[in-house]
Amino acid sequence: MILPKPNRLNPEQVAEITAITKEFGCHVQPIIGKVRTIYAIVGDERDDLMINRLEGLSYVERIDRIQSPFKLMDRRSDLANGRLTIGGVTLGEELLIIAGQCTIDPKNPNLFYETSQAVKEAGAHVIRGGVWKPRTNPYSFQGDHKSLDILMEASRRTGLPVDTEVMDEEHLKFAIDAGVDMLQVGARNALNYSLLRAIGKAIGDRPQTSVLLKRSVHMGPINEFISAAEYIAAFGNPNIMLCPRGTTPTLDGYRNHPDESATPLLKEKTWAAVVVDPSHSVGKAAYVPAAALAAVAYGADGLCIESHIAPSKGIGDDPKQSITPEVLTKVIKQAKQLWKIRRE
Ligand code: PEP
Ligand code: MN
């Protein structure tokens, strides 16, 4: 929809917008009001080049898009009929729980094996474990390639699928070759379009692989997050979960601020499951249970929670952010109850 600056366009201006839209297979239909005339773009109006050229005209105030800019992630797309099943859970039918250490310590594989077994007993369906870590401080532990073997061994021992973050195409290749079930795109890389595209390509013909796409703290409008998912879906694998993980806090005292209120917006616009990460959303173990329940109340289909058998022995975020498997057990129980209440 073209909204002009003047109340009506003159014939030369109408001819100009008609010519531009025609180049893109569309035409213009004036909608004549008493005071103002607006101009509907009839046809597929999603071409950014057409929109940019129209928006660049001095007499155009703005373009309002009627069609969704994302063809695949839109809840009206055919992909909305699909259902994603991971670790025996079909998203939307049962609350999915992903849990495990922020970071695998390659020097202490047993800690990860024990954590994995404990989170399984607590009720987790997928084990998370960071092999490669995006750290703000370049001198912090950056993860270790050896941890990939530990992650896969934990998967064998527990019989559960595993989730780990990939930060570049080399990680992606290693993770796929090792058989990682769920690839995590972190908050820092959610705006890395070449990585998103590479992931989409790599899993295009691998229906057994899914992606947990986190929301970047630098994302603004909700469409920006959904468009990031569209990059992955474009290659044919729709196994994508959207993961709000907290944003820059306006309150001091929080490492991040929960953005679980993004969930209803995502659900309105897309068909994708929303799996909230309450751990990074608050950044402090004591606040995680409340954030997890709030996320479920907001409509989350799943939770991704950092948990460690002995947080004080952990590395990465684990000492400050991981909850123990005992706490996790209670959180899962309450979250499931709340999930049922919400469904009613
Ligand atoms: C993580 O999951 O450990 C992590 C680094 O998450 P985020 O990308 O949300 O910061
Ligand atoms: Mn972490």
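Biologist: Which strands close into the barrel, and in what order?

Modeller: This is a predicted model. In it, 8 strands form a closed barrel in the order β7-β8-β9-β10-β11-β12-β13-β14, with parallel pairing. On average, neighbouring strands of this sheet are turned by 25° against each other, ignoring direction.

Biologist: How many bridges pair β7 with β14?

Modeller: Strand β7 (residues 96-100) and strand β14 (residues 302-306) pair over 5 bridges, in the parallel sense.

Biologist: What about the helices, where does α4 pack?

Modeller: Helix α4 (residues 147-158) packs on the sheet and touches β8 and β9 (162-165). The direction of α4 makes about 165° with that of β9. Helix α3 (residues 109-122) lies across β7 and β8 (126-128), and runs at about 145° to β8.

Biologist: Back to the strands. How many bridges between β9 and β10?

Modeller: β9 and β10 pair over 3 bridges, again in the parallel sense. T164 has L183 as its bridge partner in β10.

Biologist: And which residues of β10 are on which side?

Modeller: M182 and Q184 are on one side of strand β10 (residues 182-185), L183 and V185 on the other. These residues are all buried, and both faces of the strand are covered. In general, side chains in a regular strand alternate between the two faces of the sheet.

Biologist: Is T209 buried or exposed?

Modeller: T209 is buried, at a relative accessible area of 1%.

Biologist: Different topic. Which residues coordinate the manganese ion?

Modeller: The manganese ion (ligand 2) is coordinated by C102 (SG), H280 (NE2), E306 (OE) and D317 (OD), at 2.1 to 2.5 Å. Along the chain, the spacing of the donors is C-x177-H-x25-E-x10-D.

Biologist: Where do C102 and D317 lie?

Modeller: C102 lies in the loop between β7 and α3, and D317 in the loop between β14 and α11, so the pair ties together parts 215 residues apart in sequence. C102 and D317 are both buried.

Biologist: While we're on cysteines, how many disulfides?

Modeller: The count comes to 0 disulfides.

Biologist: Last one, α10. Which residues are buried there?

Modeller: In helix α10 (residues 288-297), the buried residues are V288, A291, A292, A295 and V296. They cover an arc of only 140° around the axis, which puts them on the same side of α10. An α-helix has 3.6 residues a turn, so residues three or four places apart point the same way.

Biologist: What covers that side?

Modeller: The cover over the buried residues of α10 includes β13 (273-276), α9 (278-282), β14, α11 (318-321) and α12 (325-343).

Biologist: And what follows α10?

Modeller: G299 follows α10, and the phi of G299 is positive, near 115°.

Methods
Residues are numbered from 1 along each chain as its sequence is written. Chains are lettered from A and ligands numbered from 1 in the order in which they are written. This is a predicted model: local features need pLDDT of at least 70, side-chain atom pairs count only at pLDDT 80 or more; totals for chains, interfaces and linings use all residues. Side-chain values use heavy atoms; hydrogens and water are left out. Two strands pair if DSSP finds at least two bridges between them. Helices (H or I, at least four residues) and strands (E, at least two) are DSSP runs, numbered from the N terminus. Axes are lines fitted to C-alpha atoms, for helices over the stretch in contact, and angles run from 0 to 180 degrees between N-to-C directions. Contact means heavy atoms within 4.5 Å. Buried means under 20% relative accessible area, exposed over 50%, partly exposed in between (1.4 Å probe, protein chains only). The arc is that of the directions from the helix axis to the C-beta atoms. A disulfide is a pair of cysteine sulfur atoms within 2.5 Å. Donors are N, O and S atoms within 2.8 Å of the metal (3.2 Å for Na, K and Ca); water is not among the atoms, so sites may look incomplete.
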